[in-house]
Each structure stands twice: as C-alpha cells, then as structure tokens.
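Biologist: Could you walk me through this one while I have it open? I would like to go through the strands, the surface and the charged pairs in turn.

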Amino acid sequence: MLNRGRNIEKGRVITRRMFILAAAKILLFAGISSRLYNLQISDREKYEILSDKNRIREWKTPPQRGIIVDNFNKVLASNDRVFQLHLILDEINDFDVTVFKIKNLIGLDQSQIKKLYKKKERLKPWDTLVVSDNLTWEQFSKINLYLHELEGAKPVLSTSRFYPYANDLVHIVGYVGDASPKDLEKPEIKENFVPGLKVGKYGIENSQEKMLIGNYGIKRYEVNASGKRISQIDYIKERQGNKVNLTIDIEIQKYAQELLKGKAGSICAMDIYTGEVVAMASSPTYDPNKFTHGINQKDWQEIRNNPLKPLINKSIAGLYSPGSTFKPLVALAALEYGILDPNKTIRCKGHKHPYELYGVKYHCWKKEGHGYMKLRNAIKQSCDIYFYEMARLLGVDKLSIIAKRYGLGTNVLGDLYNDEKNGLVPDTKWKRRSLEQSWYLGETVINGIGQGYIQTTPLQLCLMTAQIANGGYKIKPHIIKDESINYKDVINKIKLDQSNFPLHERNYLDDIKVEFYQRMYHKKSNINFVLDAMFGSTNEQYGTSYKSRYDDLKYQFAGKTGTSQVRRITDLDRELDLDTDQIEYKKRDHALYVAFAPYKDPRYAISVIIEHGGSGSKAAAPLASKLIKKIIDRHKLREQFNNGNTSLA
Amino acid sequence: MLRERIQASNYSFLDKLRSIDYLLILLIIAIGLISVFAIYSTEGGKFSFYTKNHIIRLSVFFSLFFVLSFVRVSTWYKNAYLFYFVGLVLLITVLFFGISASGAKRWINLYFLNLQPSELMKIAVIICFARYYHRIQSSDIQSYKFLIQPIILLIIPCYLVIQQPDLGTSILIAGSGIAIIWLAGLNIKYFVYSGLLILVSLPFAISILKPYQKSRILTFFNPDRDPLGAGYQIIQSKIAIGSGGFYGKGFLKGTQSYLEFLPEKHTDFIFTLFSEEFGFLGSIILLLLYILLIYRIINVGLVSRSFFAKLYCFGFATAIFLYVFVNIAMVLGLLPIVGAPLPIMSYGGSSLLSIMLGLSIVMSCKIYNQEQISAY
C-alpha cells in the first residue's frame, strides 16, 4: 500500500505541474493575441500602406511640353514623336551584360558606352537610365523584337522638342536639354520630372518652365515580389504643358534675321503703344534643335569658337555705347530742363578747331565741320560739337534722370532672360559709389554724344525710341502676350492724352516714378521738337540717313544714326581717315540706328546694331529701312488679328 | 495484470466507439479543413499540386489516425522504446543516406513520401519519456542516476537534428522532452539552474551556430538590418499580417502572398497567409481551435488512469502548444525564424504524419483510459 500512496502522490505532482504548464500556455497565447491585436488593429494602417507599397509600383509617363506660338499662333516650338530606350536599373541583374546586348543591337560606340557608365554612377539604384532619347525606327523595332532578352530595358514612345524656325528664334525661344542636378532643384521641375524629360535651358523655354512643363501621368501597376507587372490598377493621364503665346511676328523675325546674315548684331522692333516686341533678332545664330538630344562636340566647338559669338543674345545681353542714337534724348533733356534755346547757334569748325575744355580737345566726326548749327540741324546732321556744349550746360545728373525715365539703365524684359543686362546710365553719384572717383566735366561732354561710361542694350534703345515716338508715354515692353491688357484701350487712351495736352500736376523734372501708360514729359512741344528733328535726319537733305528714306507716306519713317567707337580715336587715325574696309574688323566702329515708323501716326520703333559695321548711316540705317517696310506691310494683318479677328491664323 | 486484461478485453467495439473523443476529432477535421483552404489560397485559388497532395495526405493520415486510435495504450507503452530506437536509426540514416534540399539534409526517400525522421522523433521522445517516467518511483525521480538517462536520450536526437541542420525541430524535441521531465516532478531547482546555465553559455552557443542561423537571430532583434536579405521574411510577414486588419483581405485576396512577397507561404508561413486573408478575427478563431485541441488532449490525460497516459497526453499537449506558439510567434516577429511548421495547417507530410500519430495515441489513451499499465 506504500506503493499506492506513492502513486497517488505521483499522480498529484503530474496534475499539479500540468496546471502550472497550462497557466504558462495561457499566458503565452495571450501574448500572441495581443501581438496580433497590435499588428492587425493598432498598426493596421501602417502595414496597409507598406503592403500597398509592396504591391503597387508607379510608372511615370512623361508629359508633352507646351507649345510656343507667335503672335499669329504659328508654332515656334512643337513636339515630335521620338523613340527612346530606358533602363530600369533595379530590374537589371547584370548591367554589363545588358549593356553588351544593347550595344550589339543598336550599335553604340565606345565613347557612348563610357558615357552610359558615367551616367549610371550618378544615378541611384532605383533610377531610370536613359540610354538613348532618339532612336531610329529601325533601332527601336530591333529593341522591341529582342525585349524578352533585355532585362530592365524599356522602349519608350516619347516626344521631343522641335523648332521649325531653328536658327531664327533661338535667342528668344531658347532650347531644351537634359536636366542638370541644378535644374532638378527648381521646384517646378522637381515636381514634374520624369526620367528622360527635357527641360528648358535658355530663353522662354527656361523662364516659362512652369507653364510649359505640364504634369506627368502615373500608371499604377500591381507587381509581384520579383517586380513583374501583374495588372494595371489605374492611369492618371499626363497633362500637356500650357501654350506660351509670344508677341513676336515670325515673318518679321525671320526677315530681321535674314538682314543680319553674315553680320554680328541685333535688330529689335517694338509696338510703341502696346510694348509688344515684334522682332528681336540677334546674329550670328545657331540651331537649337542640335541641343535637344545633346549637341555633339564638333558642332558645339563650332558655335563656341565662332568669333562673332553666336551664344550671346546681342539684343539684350550685348552692351554698346549708344553713340549718336542717344542724341535725341540728350536734346530732349536739354529742352525739358530749359537749358538752351533751340535757336542757339554753335559753330562746328572741323578737326582743325575742335571743341576744347580745360585743354582737352573734343572732335566732331565730320572732318570739315558742320558750320553754324541750330539744335534741329545738329540732330539732323548729328553734329558732335553742338552736343558737347549742350551736355556741358545740361550736366550729367539731369541727363541721367531723363535717360533712365525713357528706359535706359534697367533691363527691359524683367526676369525672362537670365542673361539680360541692365546697361549703365552714369551720373556723379554712381561714379562716386562704384569707382570712388569724382565726376569730370569731360566725361559729361562725351556722354552727350553717347560715348563714355554709358552702355545700352539694343532692346533698351528700341524702347527709348518707342517711348519718344509714342509722344513720351511709358509702356510695358513684353514678349509674352499679356491677355489681361486690352491694347485697343491703351492706344486710345494714350492718343487721347496726346491730343489733350493735359496740364501736369507733377514735376517731371524731378526724378519721379512714372506708371505704365502715363506721360513722362514735361512739355509736349519738346517731344514734338525731337521727333521733328529725327524726321529731318531721315527725310531731309544732309540728314544722316537720308539715303534710306521712303517718300511714300505709308512707309515714311524718322530715325537717328549712331556710330559708336570701340576704342579711342588717335590723331593719327584722324589723319589717315581710313575707310571702314581698311580697318581691322575688331577695331571698326559699331553701326547703330534707331527709328520709328510710320512718321505720321507712328506704331513701331526699331533699333539696329551692326557690330563693327562702320557708320550707322551706311551699315545700319538701310537694314532698318528694309525691315520697316516689312513691318508696315504686315501691320494691318497684325492689327486685325490682335483685335479678335483670329480667322487669319 | 489479470484484471487489466479482463478490463481491456471487456471493451466491446461499440464501447470503444462510444468512448472516442468526438470533439477532438471535430477539432482535427476543422483545422484540417481550414488548412485545405489556406493551401488552396497559396496556389492562387487553383486546385493543383499542393492542394491535392495536402488533401490526399490529410485523408490518408486521418484514416491512419482513426485506425491507430484502437491500438491499445499498453501496446504503445510496450513499444515506446522501440519507437524511439527506430526514430534514432532513421535519424542516423539521414546522416548517411539523407537527401538534401536547400542546404539541409533532413529527409529519407521512401519513394511514396520523403520522410523527415526528426518530425517522428518529436513524438518518439514524448512516448519514450512517458514510458520512462511511468515506471520510476516519485522518490527516485530526483536522483542523478535516473536523471542522467533521459538527458542522454534527449541529447542524442537533438544533436543529430541540429547537425542536419534544423534548429527549430531540435528545440521542439528538446522542449517536449523537458516538458515531460517537468511533469514527472523533477525538482524545480534543476530547471532554474539549467536555465541559468543556458543563459551563461548563450554567447558560446551562438558562436557555434551556422552563419545563416546566426543571421536569423541577429535579424530577429533588428529586422531592418537587412530588409532584403535575412530580415525580409520577418518584415514581409508582419506586413502581410498587419495589413489584414480585423476582417482580413478576404479569401484568395491576400496580396502579399498572391504576389509572392511571402516566403515559404505553404509551410512555415501558412499562418501569415491565413491571417492576411482572414484578419484578426480569423486568427483568433484559429488560435481558439488550437487551444481547444490542447484542452481536449489535456482532458484525456486527466481522465486517464495510467501515468503513462497522463504523462503522454500532458506532454503531447505541451508539444502541440510549443509547435503552435513557436510558429506563430515566429511569423509575428516575436521569435527568430527557426523553421517550425504549424501543426496540421502547414504543408508537409512528415509533420502531418507525426501529429496524426501523436493524436492517435492520445485517442487510444482516451479509448482505453481505464487501462492500468504495470511498470514492468
């Protein structure tokens, strides 16, 4: 019975220990349940997102870039269909093998392969490598045929930029290219970027990126663990970028560009009331289409090494002394401030008896001298002596107030072009501040003929001319159509204001700020005097651009020549008195011309600059004359179109 | 002895049928059915290889279970050591003639089935220990003489299984063995001491682990250490379970497994798939089924007269608990991934066979619960 007692005891121990174990089991199961609760109920959202991230892969589809059109809705930048080859890096196991296969299929050379490897190094492992953004149809179909052997390869039907007017517009429209790391920092690009997408590099393409770039589409696919697409879940269609409407008339632009062929220089044309830039040509030029798929080294060197510097947009980034084209403004300033009676006579005695100030001699351009001159004649024949004296009497500070008011010294198109220059309108304060020197009277004297410190861009000269020609009203120059302004009203308002000879409440002789489409002059008669003198310069005998005139009232224009020295003229030069052809190109004067047309009821202002072209009357004025005819011939068309008659498009 | 025989032979077949634990059978069938659906889902809703195989195995092994349930407990008792010995021989056979898959040598090719002896060993150890402690007097249990034998009996199969290598099964074998030693009433201090010993020797133990085992343990503590490598399974499993939510994504709609983000989804990670598709609710129900199963097994032990039956049932219940707990804790990221199937649910012949075998012994304990077994 001892045995039995022991057995009972043993049974009890087993049962007791079983219950202890059971308690432990319950505890542990409770632990599992709470973990399940944690994962599936508390953190459910987190894991749902992770699960979707797992199974859903997004593919971005590139948007079409917005088109750019001219004033008449003619397409200046369009999109062509291109075939591209992309590599999805994280789908590739052996990059070398894939590249080798691709090389054999589409025939890449050694340097292209090197470039691929370089590109790859810069990318993150999940990025897309664009092998080629412009395959031929043959290459593209080959890739598609062997696609099953090319892991990670993705043939893409995309679009690329095409500029039908190629060279004629590159300085305005700009061009596109691959996005640089710096480009990708810009929010508008960063938000909408898709591998292989081209972004604006210069000009409108660059500054209007936000408008043009569009929004990419998203294709969402369900994928399995190895990244294979199982099904398309949804597709948000890409949105093409907005259209950008320029004020340029491509026909005029083309013609301007043609006139500049073989020369270095610029032609700008502007509506004097609306401020719309009708043409803005710069020469020499280059083909933006070459940049779209990456320019090759040879073409690039050719552009870069061209001594006439095609890359510089001379209309806004070229700085020139305005020379005699500045004279109408000097005369206007002198009249406004009442410095001198326009009937005051000054004698120009030629090189033998130059203008003298504190022992320094200042020569007129005309060797024999102009003889006795009054102000109108001095403008018409561009007598330097008269302007030396007038500038001396006026003083540089007063001149600078007027010069700035009429558009010099600040950039014209705002932040549209990152290379646009401000130019320089000097005054005594400026010199003291930036050169830490005091102003010399001699500097005022040469400033009077647009030489010295003063520097302007061709577009500034065009604006200046426009704002004198419209009767002295401030306009808002622009190259992108501004739908918010009704130009018909603007023109009518300015014309009404002109005929009313309004009384002024403000002192226009002070350095005041003038609003757009408001008058800038002190006395209406002064403006009229200058305009009349410019008429004489072009349309009367002895006028400097008399040869380029039109007698037909429809085309009749008024202008002012300018010849801007690029170096100091020595006594020896004066003695030699060489023809332009005989001087070394780099040392030749720049030829300038500003004009407005038609003389009766003007609508357009124009500026022409031919670098090292010699004299303004011979090199610049004839071009202006030709272009003016073209502009006026097209005026009716433009007027009708802009007033809503779009059927002409 | 005579009385025992009389008692046993007194059972008519009807009596035997009457004393079957039908709830237990119901639970087995329920879990079996769930497993069929789960494995059907791993194949993306196609009735193909795994599903077919699993159904065949379930039916064959269930029949086997039913037939073997009528084997008398005493027969199991008598052949307990033989069972263990056969298991050991098979394990040694694996060592020499085993077939390998994915770096582990665990199987013997029996032509109709690739047998995994380590799975059988899980049961063999329990039945062997139950017999061992059945005959030992409670006064002798604490003595070293009687302690050293089971320890050796435990270490040999564990060592062989670790060599395969199969850490998970080895731990489960050891766990079941230790559970019975505990149930038999070994003084608690031994457990405390050996626990401390294990803790102290842990750094050493880790150093002799295979690199893949080490990385599994390291990634367990920090799955993000290697999200695409060793930590991948844990992370993906957690994502699958977590994204299931309360009601789950629905039958055949588990994206994680359907899109093949889940590794080994029809074996060790079957719970993950189930939990993703049936959510918290389904998981808790499955868990409750297992708890009920364990409860029924314990119940059989409670109504059994012999120590052998009691020890076996309690031990087997603990083993089932361990399998379930280790597996689920593993896929929930609470334990390192060690490779332990979920009883009945996981696809795999040997595991299913051993569980069914184990259950048939439980059932036999139930049917013959009044049978006394003398300690000869």
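**Surface, strands and salt bridges**

Modeller: Asp581(A) is exposed, with a relative accessible area of 69%, and its place is in the loop between α23 (571-576) and β18 (590-597) of chain A. Please keep in mind throughout that this is a predicted model.

Biologist: Which negative surface patch does Asp581(A) belong to?

Modeller: Asp581(A) forms a negative surface patch together with Glu368(A), Asp577(A) and Asp579(A).

Biologist: And which residues form the nonpolar patch on the surface?

Modeller: That patch is in chain B, where Ile29(B), Leu33(B), Phe37(B), Phe251(B) and Leu252(B) together have about 430 Å² of accessible area. Leu33(B), one of these residues, lies in helix α3 (residues 22-42) of chain B and is partly exposed, with a relative accessible area of 49%.

Biologist: Switching to strands, is β3 of chain A buried or exposed for the most part?

Modeller: Strand β3 (residues 75-88) of chain A has 11 of its 14 residues buried, so the rest of the structure largely encloses it.

Biologist: Which way does β5 run against β3(A), and over how many bridges do they pair?

Modeller: Strand β5 (residues 153-162) of chain A pairs with β3(A) in the antiparallel sense over 10 bridges, and Asn79(A) has Arg161(A) in β5(A) as its bridge partner. Strand β4 (residues 128-135) of chain A is also antiparallel to β3(A), with five bridges between them, and here Leu85(A) is partnered by Ser132(A) in β4(A).

Biologist: What about β2(A), how many bridges join that strand to β3(A)?

Modeller: Two bridges join strand β2 (residues 68-69) of chain A to β3(A), and the two strands run antiparallel; Val69(A) has Val75(A) in β3(A) as its bridge partner. The hairpin of β2(A) and β3(A) has five residues between the strands, and Asn73(A) takes a positive phi near 65° there.

Biologist: Now the charged pairs: how many salt bridges are there over all chains?

Modeller: The count comes to 37 salt bridges over all chains. In one of them the side chains of Asp532(A) and Arg376(A) meet, at 2.6 Å from N to O. Asp532(A) lies in helix α22 (residues 524-539) of chain A and Arg376(A) in helix α15 (residues 375-381) of chain A, so the pair ties together parts that are 156 residues apart in sequence.

Biologist: How accessible are those two, Asp532(A) and Arg376(A)?

Modeller: Asp532(A) counts as partly exposed at 28% relative accessibility, and Arg376(A) also counts as partly exposed, at 24%.

Biologist: What is the story with Lys404(A) and Asp427(A)?

Modeller: Lys404(A) and Asp427(A) form a salt bridge in which the closest N and O atoms are 3.5 Å apart. The pair links distant parts of the chain, 23 residues apart, with Lys404(A) in helix α17 (residues 396-405) of chain A and Asp427(A) in the loop between α17 and α18 (428-435) of chain A. Lys404(A) counts as partly exposed at 40% relative accessibility, whereas Asp427(A) is buried, with a relative accessible area of 11%.

Biologist: And in chain B, which residue does Asp21(B) meet in a salt bridge?

Modeller: Asp21(B) meets Arg296(B), with 2.9 Å from N to O. Asp21(B) lies in the loop between α2 (13-19) and α3 of chain B and Arg296(B) in helix α14 (residues 270-303) of chain B, so the pair ties together parts that are 275 residues apart in sequence. Both Asp21(B) and Arg296(B) are buried.

Biologist: Last one: which residues are linked in a network of salt bridges?

Modeller: Asp271(A), Glu276(A), Arg603(A), Arg638(A) and Glu639(A) are linked in such a network.

How values were computed
Residues numbered from 1 in each chain as written. Chains lettered and ligands numbered in written order. Predicted model: local features only at pLDDT ≥ 70, side-chain atom pairs only at ≥ 80, totals over all residues. Heavy atoms only, no water. Buried < 20%, exposed > 50% of the residue type's maximum accessible area, 1.4 Å probe, protein only. Helix = DSSP H or I, 4+ residues; strand = E, 2+ residues; numbered from the N terminus. Pairing = 2+ DSSP bridges. Patch = residues over 30% accessible without salt bridge, like charges linked within 9 Å, V, L, I, M, F, W, Y side chains within 5 Å. Areas by Shrake-Rupley, 256 points an atom, 1.4 Å probe, with all protein chains shown as cover. Salt bridge = Lys/Arg side-chain N within 4 Å of Asp/Glu carboxyl O. Lys, Arg positive; Asp, Glu negative; His and termini not counted. Charge placed at Lys NZ, Arg CZ, Asp CG, Glu CD.
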